[in-house]
Amino acid sequence: MTKDFKTVAESQVTISELMLPSHSNFNGKIHGGYVLSLLDQIAFACASKHSGAYCVTASVDTVDFLKPIEIGELVTMKASVNFVGSSSMQIGIRVEAENIQTGAVKHCNSSYFTMVAKDEKGQSVKVPGLVLKSRDDIRRFAKSIKRYDNKRVRLKEFTETDFVSEEHLHIVETYNVKIEAK
């Protein structure tokens, strides 16, 4: 039986992985696509742990690559449910890389994934509410509401805006482009 409410701590997930040469790009840094794959995995685990259901990625709201990750560093990802709707959850993920020889730790990435809980037929299912026990929990929940509101405005703008109007063409022309379309 699924609980009606869960604390943030009940659904938190932490994973660590040593970064290998096979994870690197041509510049010798860990490939961003590999990091994205790990982020999606931990978002799934956190959302599924909270909801008790299979979860799918609905959107990736933010992925900020702050510092490069080096081969040989131990990457630790910490995921928490920051916000819940009726069937959706916003998962906040912090990525840190540790130089295992010196112990130096750096914050490399912050990400926000929106996950939706599904049943066996692919229908959205209700998720437990969230118990906010600390000021950090409240801050993260409030920031998630702000991100959600910004996303709704952005989606509305993209569905209602005529991007080839004179106003938008004027904006486009201020960039390094040459317009040949009529």
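**Close-up 1. Strand β6 and its burial in the predicted model.** Strand β6 is largely enclosed by the rest of the structure, because 10 of its 14 residues are buried, where buried means under 20% relative accessible area, exposed means over 50%, and partly exposed covers the range in between, with a 1.4 Å probe and protein chains only. Strands (E, at least two residues) and helices (H or I, at least four residues) are DSSP runs, numbered from the N terminus. This is a predicted model, in which local features need pLDDT of at least 70 and side-chain atom pairs count only at pLDDT 80 or more, whereas totals for chains, interfaces and linings use all residues. Residues are numbered from 1 along each chain as its sequence is written, and side-chain values use heavy atoms, with hydrogens and water left out.

**Close-up 2. The strand partners of β6.** Strands β3 and β6 pair in the antiparallel sense over 10 bridges, two strands being paired if DSSP finds at least two bridges between them. In this pairing, Phe 65 stands opposite Asn 109 of β6. Strand β5 (residues 88–98) also runs antiparallel to β6, and 11 bridges join the two; Met 89 has Met 115 in β6 as its bridge partner. Between β5 and β6, which form a hairpin, there are six residues, and Gly 103 in the turn has a positive phi of about 85 degrees.

Close-up 3. Lys 151 and Asp 61 form a salt bridge, with their closest N and O atoms 3.4 Å apart. Because Lys 151 lies in helix α3 (residues 135–160) and Asp 61 in strand β3 (residues 54–65), the pair ties together parts that are 90 residues apart in sequence. Lys 151 is buried, at a relative accessible area of 18%. A salt bridge is a side-chain nitrogen of Lys or Arg within 4 Å of a carboxyl oxygen of Asp or Glu, and by this rule the count comes to seven.

**Close-up 4. Further salt bridges.** The side chains of Glu 73 and Lys 106 meet in a salt bridge, at 3.4 Å from N to O. Glu 73 lies in the loop between β3 and β4 (74–84) and Lys 106 in strand β6 (residues 105–118), so this pair ties together parts that are 33 residues apart in sequence. Both Glu 73 and Lys 106 are buried. Within helix α3, Arg 152 and Asp 149 lie three residues apart, about one turn of the helix, and their salt bridge has its closest N and O atoms 3.6 Å apart. Arg 152 is partly exposed, with a relative accessible area of 48%, and Asp 149 is likewise partly exposed, with 31%. A network of salt bridges links Lys 78, Arg 94 and Glu 96.

Close-up 5. A search of the whole structure finds three aromatic pairs, rings of Phe, Tyr and Trp (its six-membered ring) being paired if their centres lie within 6.5 Å, with planes under 30 degrees apart counted as stacked, over 60 as edge-to-face and the rest as tilted. The rings of Phe 83 and Tyr 148 are stacked, because their centres are 6.3 Å apart and their planes stand at 20 degrees. Phe 83 lies in strand β4 and Tyr 148 in helix α3, so the pair ties together parts that are 65 residues apart in sequence. Phe 83 counts as buried at 15% relative accessibility, whereas Tyr 148, at 42%, counts as partly exposed. Phe 83, Phe 141 and Tyr 148 are linked into a cluster by ring pairs. Arg 147 lies over the face of Tyr 112, at 3.5 Å from the ring centre; a charge sits over a ring if NZ of Lys or CZ of Arg is within 6 Å of the ring centre and within 35 degrees of the ring normal.
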